[in-house]
Amino acid sequence: MRVATYHRLKATDTMEITSCKLLSLLDRNRIRKNPDWTFAGSYFDEGGGRCSFQELLKDAELGKFDRIETRSVREFIDDASDLIPLAGKLMALDPPVHVYFECEGITTGRSEEHTSELQSLAYLV
């Protein structure tokens, strides 16, 4: 499985840039420890920008990876009402792209129960 990661950082100072490099290294090492996974890249947005998020979605449509790992629902989306349609759009791709939300411990597209949990979480964001 090809796995990409997405992080959105609040600031654009030197400390955050160092954090990006460290997160990318940690992501790469964690993913490579799973023999069934291949690291497919890290995507970072800093401050209020969402350029890398748009690139992530475009790369998903191009079939560059099968799974996205991100820290939380809040980090992944701006508007709660966008979560379920976006998850559905990613799952409808060929190959489908699952999103794993680390803090919530939920992966999209696994079951109806997970979809219900995701819907509930979307409105808590």
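A polar contact is a pair of N or O atoms within 3.5 Å; within protein, one must be able to donate a hydrogen and the other to accept it, and residues adjacent in sequence count only if both atoms are side-chain atoms. This is a predicted model, in which local features need pLDDT of at least 70, side-chain atom pairs count only at pLDDT 80 or more, and totals for chains, interfaces and linings use all residues. Residues are numbered from 1 along each chain as its sequence is written, and side-chain values use heavy atoms, with hydrogens and water left out.

Q: What makes the pair formed by the side chains of Arg8 and Asp78 a polar contact?
A: The distance is 2.4 Å, and the limit is 3.5 Å. The side chain of Arg8 also has a polar atom 3.0 Å from the backbone oxygen of Arg74.

Q: Why is Arg8 called buried?
A: Buried means under 20% relative accessible area (exposed is over 50%, partly exposed in between; 1.4 Å probe, protein chains only). Arg8 has 14%, so the residue counts as buried.

Q: Which residues does Arg8 touch, not counting residues up to four places away in sequence?
A: They are Asp45, Arg50, Arg74, Glu75, Ile77 and Asp78. Contact here means heavy atoms within 4.5 Å.

Q: What makes strand 1 and strand 2 a pair?
A: Two strands pair if DSSP finds at least two bridges between them. Strand 1 and strand 2 have seven, in the parallel sense, with Glu46 in strand 2 as the bridge partner of Leu9. Strand 1 and strand 3 are also parallel, over four bridges; there, Ala4 is partnered by Ile68.

Q: What makes a group of residues a nonpolar core?
A: The members are buried Ala, Val, Leu, Ile, Met, Phe, Trp, Tyr and Cys residues joined through side-chain atoms within 4.5 Å. The largest such core has 19 residues, and Leu56, Phe65, Ile68, Phe76 and Leu90 have the most contacts inside it. Helix 2 supplies the largest share of this core, four residues.

Methods. Helices (H or I, at least four residues) and strands (E, at least two) are DSSP runs, numbered from the N terminus.
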